[in-house]
Amino acid sequence: MRRSSHRALTDQNIFQYFNGLKMHIRLTPAQLSFQDELRDFYTNSVLKDWRNKYPDFESLGHYLREWEYTLDKGGWAVPGWPKEWGGRGADAVERAIFTELSAAFDAPEGINRLGKRLVAPVLMRNGTPEQQKHIAKIKTSEEVWCQGFSEPGAGSDLLSLRTSARLEGDEWVVNGQKIWTSFAQFAEWIILLVRTGEPGSGAAGISILLVELNSPGITIRPIQTISGRSEFNEVYFDNVRVPASHLVGEVNKGWPIVREVLQDERGADFNLARFSDLRRIFEQQTALERDKPKGSRHDRTVGAEYARIYAIQLFAMDLLRREQNGTMPAALESLLKLYTTETWRRFGDHQLLSFGPEIYRQGGFESLVDYYESRHYTISAGTSEIQRNTISNRLLGLPSARKKAGANALESVQDDWLGKDGRDEMEGIMLDELDKLLDKIGGGALGVDETVTGAQAHARLAEIQQQGWYELVSGESASTSLYAEAIKRLHRRAVPVQAPVFEVFAAMRLLHLADDAAARQLLAEVQAGERHLVLNFASLFAPDNVGSGCVPHADTLPSLAVVAEGDGLTLHLVEPGDAARERAPLVDPTLPAFFVTGTGRRVASLPQEKWQAAVAEVLVAQANAAVGQAQALFNSTIEHLKLREQFGVPVGSFQALQHRAADIACELYAAQQLSIHIAESFEGRDDRMLLGLLGKSLCGRAAVKASSEAVQLRGGMGFTWEDGAHFGLKRIMSLALTGPSVEDVEGELGAMVIENGCPTWAGGLDNA
């Protein structure tokens, strides 16, 4: 039996924040009580179909304020606030529970979200005792607050703001204009950025004021958006007098506080709320698809979007965990904000292009608003372009006109295997030891000696093999999580890039599923270093057509094939001389491949249920291999952008290249989170094939994009043999071409979701 220290799949043992997205977190009795109490509250409080009951924004605003009062009376106004400020002190798990159940019951967000999420935390950290008296009124929504940051000439570039405040006696006199101020027409107060320094003083001249909106000289003008609603406003200040005591912090030192606010605005809670919206819309879409004849459904579109939406909550949960344990790299929240909002925008386009008017007839007024909102979130809280700037400069360490290149902080969290607080302790120790060994033997360069034979390439793994890593990583006692993570790290380190790492370990894993004496003998020979072999992946996916796919190094290495015999399946060993071979077109020069048509000799039987599990697990391992290989190529590309110069400056300072790099970083980090999850939650699941399909879709697409963009980012050098980036590109291509295609997988995934009704959401916290 395979060791399993954390596989008891019960609600009380595993936190199922996305029906089965098990993050290795136990629900405590207190968390279970939190969950039950919230469910009871929503059952008795949420108005059904409230979205379509208030088509005009004025009436909706009044309803949302009433909902704030309902939340406060029920004790759910601010669950994430510290208890000393009237909250529940909810931890990361409870915050995720709150978001999940809010989505399940389609509960409104409320109209005082800016006051609760942004203003109150600022006052808790920086306010005077007098200013902190506002906090209790924000909690009850006796005071609704809005945010006065952006101006007509200072939206993304807040440092250019011109709304001024000059001190006259014990009052500030404010003049200027703010724009895009959400809910100002319903608010009593505004947190206001003003210029108290000289014009052009940048960050050094910005201060923060708390301003009552009924003050003389303030005019609010609603802005009608493309949805027809007026959530945003212009706010004009004409000699508005504000008590000097309403200054937050010190004069001209408001910018560091603003940075905190902007981080909160783009953080995990914001993105979990957007995930909830996407989940609702996606389920509406799949319900429409369910009624169609299969031939007219959009299975592939549904499958691809499902994988991306699935990854958003994994991404957000990772941020929650980092916020809680203090391991958040700078600007990681920008990475999530960009991924979430661009996914929503893309999803809206797919709805429009794929489903046409039927989705709007079915969904009513709110479906139109949802589409328009998909345009809005890529602009608000910092445009996607600003997020890309932040990611490239602060997270990836690319240089700018004002700043030299720094460290790639994203690389530092690539080995953060589910966080040191969540992983199996012994497996964590093993991975640390593997890292030490890889450091010792050194990583392979991207360049490859094409004269290396299959046997020689395999022999370069000899030290890993001799120290027992084949058995430790792919043996019977190794969890899927350890197996997949080790494959990812080996591919990221490229040790060596010529060696068929994924193919070797997958063959070993498959042999362990068989219990025949011949299989055990073959395992012993491999473990002793007497034999090398690789897996014929095509046979695993199509055992009735063994010659349909390529086998790497089949000219010098034996391969393990799955063969259909009668009503059953068997494992066969195919020696190089036992079968006809035809060299395949050269996709990956590090792994010369051949079509092999012979079946060799029978080694063991393979029960049907084990074959199905093996197919799913291979897809999970393949996803991890693709992510590791793509990370290696991406990391080297970022360093290239820092060192390569054109026009006398590093090419990494060019904004066009920075934005491309930021987009790759988004895709790869989401793929990293998914690759960890599908391996970590694999064992004990009834829907393991779903996990494998998710991995092939999201991780496969991310890796192909990363490798293609790496060549582009390196310019003409990237297209040369000498540069070596093409070796990473070709290795990723070979992984993508192994097994079913990404689009075929997405079609299968979409069909599963449409026919079964979003299987990973149906039994989540809302039904726990």
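Setting aside neighbours within four places in sequence, Leu410 is in contact (heavy atoms within 4.5 Å) with Leu332, Leu335, Leu395, Leu396, Phe634, Ala665 and Tyr669. This is a predicted model, so to speak of local features a pLDDT of at least 70 is needed, side-chain atom pairs count only at pLDDT 80 or more, and totals for chains, interfaces and linings use all residues. Residues are numbered from 1 along each chain as its sequence is written, and side-chain values use heavy atoms, with hydrogens and water left out.

Leu410 belongs to the largest nonpolar core, which has 138 residues. A nonpolar core here is a set of buried Ala, Val, Leu, Ile, Met, Phe, Trp, Tyr and Cys residues joined through side-chain atoms within 4.5 Å. Buried means under 20% relative accessible area, exposed means over 50%, and partly exposed lies in between (1.4 Å probe, protein chains only). Along with Leu410, the members touching the most others are Leu335, Ile391, Leu396, Leu510 and Leu540. The top contributor to this core is helix α22 (residues 608-643), which puts in 16 residues; helices (H or I, at least four residues) are DSSP runs, numbered from the N terminus, as are strands (E, at least two). Another core lies apart from this one, with 72 residues, including Tyr42, Tyr54, Met124 and Ile206. In soluble globular proteins, nonpolar side chains tend to be buried together.

Now for the charged side chains. A salt bridge is a side-chain nitrogen of Lys or Arg within 4 Å of a carboxyl oxygen of Asp or Glu, and by that rule the model has 37 of them. One joins Arg731 and Glu503, with N to O at 3.2 Å. That pair ties together distant parts of the chain, 228 residues apart, with Arg731 sitting in helix α26 (residues 725-736) and Glu503 in helix α19 (residues 501-513). Arg731 is buried at a relative accessible area of 1%, and Glu503 is buried too, at 5%.

Lys488 and Glu485 make another salt bridge, their closest N and O atoms 3.3 Å apart. Both of these residues are buried. They are 3 residues apart in helix α18 (residues 480-493), so about one helical turn separates them.

Arg166 and Glu168 also pair up, at 2.8 Å from N to O. Here Arg166 is partly exposed, with a relative accessible area of 44%, and Glu168 is partly exposed as well, at 31%.
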